[in-house]
Amino acid sequence: MNPANYVYLSALLFTIGATGVLLRRNAIVVFMSIELMLNATNLAFVAFSRIHGTVDGQIAAFFVMVVAAAEVVVGLSIIVMIFRTRRSASVDDANLLKY
Amino acid sequence: MSQLAAQAVTLAAETRTSTGEAVAFWLLAPLAVVASLGMIMAKRAVHSALLLAFVMLDLAICYLMQSAPFFGVVQIVVYTGAIMMLFLFVLMIVGVDSSDSLIETIRGQRWAAILAGLGFGLLLVLGIGHASISGMAGLGGANASGRGSGGNVQQIAELLFTRYVFAFEATSALLITAALAAMVLAHRERTEPKAGQRTLSEARFQPGGYPTPLPPPGVFARHNAVDTPALLPDGTPSELSVSPELAARGDIRPVGAGTLPPGRRPAEEAESETEPVA
């Protein structure tokens with residue numbers, strides 16, 4: 001098997017995540033799609049790290065994971081805050097900034 | 001000498017994937033794609049969360065197969081353990097059955113999004129195909145060449161604390177900022193003073209208050225289930241003893257329900273404890 005297959009899988013998962021961000025209106029599901037995209041890039045990093053025979057790619061994936069954890073904490077608390085004021089988790093309802 | 005030869009053999013074997021790995025990949029990859037498609041199409045957010053956890057476990061096995069044991073384990077611990085649990089917590093706060101509104105606010109957004117996704121995926125796959133990645137160096141050598149005893153974890157630690165030490169320090173600042181941000185965002189200012197014992201007691205004796213505790217359900221009734229109202233001394237059911245939620249749903253058991261005629265009771269003695277006091 002060609003190790004590039006992992007990269008193809010990662011590209012597919014990234015595409016599905018990006019489509020999910022465009023398609024879904026529930027803020028939590030949009031967030032999960034972003035997580036899927038981050039996971040896909042991690043897979044590509046690990047696959048390339050193996051293809052090139054260095055561990056640097058895994059370090060990059062490690063940093064992606066740290067940033068993803070921080071992003072989830074802040075993003076979910078923003079979602080909870082919006083839910084408290086508007087009683088809805090739909091991204092369509094958070095449109096007050098446009099006035 | 002034989003050790004060196006064995007190492008050379010493992011290095012040579014590492015440059016191409018084994019049959020077992022190929023089998024596992026062709027099992028896991030379609031599952032991951034199907035599960036992630038299900039994730040973006042599931043109507044309920046909880047199903048999306050579970051499918052995403054499945055994809056993450058799937059990817060963890062992919063990392064383990066790709067001689068990245070540290071990363072495979074961290075994927076399970078951090079992603080499926082911590083991040084997905086955080087997602088589930090927030091889902092529980094927001095409400096499990098909050099499903100998407102199906103009204104399109106922008107006309108034709110769904111088809112445009114699907115088209116854009118397909119185009120993007122095609123572009124990515126064609127780009128990767130054009131790059132013609134073939135063969136690999138394998139991580140057997142890199143994992144073994146660490147200082148210390150050698151191994152994936154030692155190798156990562158060595159790189160993390162030498163070449164990437166500034167990036168590593170920056171992540172600490174990032175994590176502290178994120179923790180502070182979460183605390184600031186989740187903080188709610190109290191707008192009225194907290195009700196003390198005196199205030200609560202006085203409110204209970206105001207008109208409309210109820211000074212004593214409410215009667216629990218099932219007192220003097222045939223059953224002590226929550227849907228059975230307590231019986232007052234004159235035998236009428238007490239509305240206060242059952243939850244108004246149950247009353248609104250019409251789930252309250254009527255007083256005479258389930259009572260068989262005296263001659264047909266199967267276990268008169270066993271039920272005598274729950275009989276109303278005459």
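Author: A helix in this predicted model is a DSSP run of H or I with at least four residues, numbered from the N terminus. In these terms, B:Thr236 belongs to the loop between helix H9 (197-204) and helix H10 (244-249) of chain B.

Reader: How far apart are B:Thr236 and B:Ala167 in sequence and in space?

Author: They are separated by 69 residues in sequence and by 73 Å in space, C-alpha to C-alpha.

Reader: What makes helix H2 (residues 27-52) of chain A and helix H3 (residues 56-86) of chain A a pair to describe together?

Author: Their axes come within 8 Å and cross at roughly 175°. Angles over 145 degrees count as roughly antiparallel, and H2(A) is therefore roughly antiparallel to H3(A). Residues making the contact include A:Phe31, A:Leu38 and A:Phe45 of H2(A), and A:Ala61, A:Val64 and A:Ile79 of H3(A). By class, this contact has 13 nonpolar, 7 polar and 2 charged residues.

Reader: How do you know what span to expect for H3(B), and what span does the model give?

Author: The expected span is 1.5 Å times one less than the number of residues. H3(B) has 21 residues, and the distance from its first C-alpha to its last is 30 Å, close to the expected 30 Å. After H3(B) comes B:Ser67, with a positive phi near 45°.

Reader: What makes up the contact between chain A and chain B?

Author: Chain B contributes 70 residues and chain A contributes 63 residues. Several helices of chain B each supply at least two residues of the side that touches chain A, among them helix H2 (19-41), helix H5 (109-131) and helix H8 (165-186). The largest share of that side, 11 residues, comes from H4(B). By class, the side of chain B that touches chain A has 52 nonpolar, 15 polar and 3 charged residues.

Reader: What is the predictor's confidence for chain B and for the model?

Author: Chain B averages a pLDDT of 80, and 78% of the residues score at least 70. The model scores ipTM 0.92 and pTM 0.75.

Reader: Where in chain B does pLDDT stay under 50?

Author: One such stretch is residues 8-13 of chain B, for which the model has 4 contacts beyond four places in sequence. Another is residues 258-278 of chain B, with 10 contacts beyond four places in sequence.

Note on methods: Residues are numbered from 1 along each chain as its sequence is written. Chains are lettered from A and ligands numbered from 1 in the order in which they are written. This is a predicted model: local features need pLDDT of at least 70, side-chain atom pairs count only at pLDDT 80 or more; totals for chains, interfaces and linings use all residues. Axes are lines fitted to C-alpha atoms, for helices over the stretch in contact, and angles run from 0 to 180 degrees between N-to-C directions. Angles under 35 degrees count as roughly parallel, over 145 as roughly antiparallel, 65 to 115 as roughly perpendicular and the rest as oblique. Two residues are in contact if their C-beta atoms, placed from the backbone, lie within 7 Å. Ala, Val, Leu, Ile, Met, Phe, Trp, Tyr, Cys and Pro count as nonpolar, Asp, Glu, Lys and Arg as charged, and the others, Gly among them, as polar. pLDDT is the predictor's confidence in each residue, from 0 to 100.
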